[in-house]
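Here's a quick briefing for anyone opening this one up for the first time. Have a look around, then read on.

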Amino acid sequence: ATGAGAVGLGVLSCGATPLTAGIAGATMAVYAGAYTPMKVRSPYNTHIGAVSGALPTAMGFAAALGTGLAASPWATHAAWLFAMQALWQMPHFYALAWIHRADYLRGGYTMFPLTDKTGLETVAMCKPYLVALCALPCAASAAGLASWMLPVGAAVPSALWWGLLRRFEDQPNIANCRRFFLGSLSYLLATLALFTAYARVEAEVEAETEAEAQT
């Protein structure tokens, strides 16, 4: 594993940029050095895992922009994607842990949902993250990272995911929790597609405005 990781980092450094390799190395370090041992020690392992799971979202930006990423107008877009991915992982993995809590317990893992017999505590833990995720598209548009079509479009997958959570809350069973878990995947794909479609930078907006003024 160490050898394969070293080769992978070398490929990223030479084929992309050293910053891309650095982010990949940080991802591996957090995952193997912190997240993995914490799985059997603290239920907060999910929070650490969310960091290692969100770091790869910055690798594409680093590959395209290199060390200029920090000064690039796309830096805030990279930060937005990191935040979205980190927040999304919490309800996603809480649902997965509740579905397979017997297996997790046999394996010696510690997760907050494992002591939840009814499923209602898991629902309560997921809600704040869904609220934050609903606010993120509006924050992106208000900050100029995307057009206002982003929150308009994101309202659909958000409402669908909320509906699945409400169904799990009304009838807390494994089947409804699995639907909520699978809904998280649809939500993520839809949000990524919408952000890709509607993301923009202020320079692009100014250029479009100037072009319209000249015509």
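This is a predicted model: local features need pLDDT of at least 70, side-chain atom pairs count only at pLDDT 80 or more; totals for chains, interfaces and linings use all residues.

Residues are numbered from 1 along each chain as its sequence is written, and side-chain values use heavy atoms, with hydrogens and water left out.

**Aromatic rings**
- Tyrosine 94 pairs with tyrosine 129 edge-to-face, at 6.4 Å centre to centre and 70 degrees between the planes.
- Tyrosine 94 belongs to helix α5 and tyrosine 129 to helix α7 (residues 120-142), so their pair ties together parts 35 residues apart in sequence.
- Searching the whole structure turns up eight aromatic pairs (rings of Phe, Tyr and Trp, using its six-membered ring, with centres within 6.5 Å; planes under 30 degrees apart are stacked, over 60 edge-to-face, and the rest tilted).
- Trp161, Phe180 and Tyr187 make up one aromatic cluster.
- Arginine 101 has its charged end over the ring of tryptophan 98, 4.0 Å from the ring's centre (the rule: NZ of Lys or CZ of Arg within 6 Å of the ring centre and within 35 degrees of the ring normal).

**Helix α5 and the whole chain**
- The protein chain has ten helices and zero strands (DSSP runs numbered from the N terminus: H or I of at least four residues for helices, E of at least two for strands).
- Helix α5 has 25 residues and reaches 37 Å from first C-alpha to last, close to the 36 Å expected (1.5 Å times one less than the number of residues).
- Of the 25 residues of α5, 18 are buried, so this helix is largely enclosed by the rest of the structure.
- Across the protein chain, 39% of the 215 residues are buried.
- The C-alpha atoms of the chain fill a box of roughly 65 × 45 × 20 Å along the principal axes.

Definitions and conventions
Buried means under 20% relative accessible area, exposed over 50%, partly exposed in between (1.4 Å probe, protein chains only).
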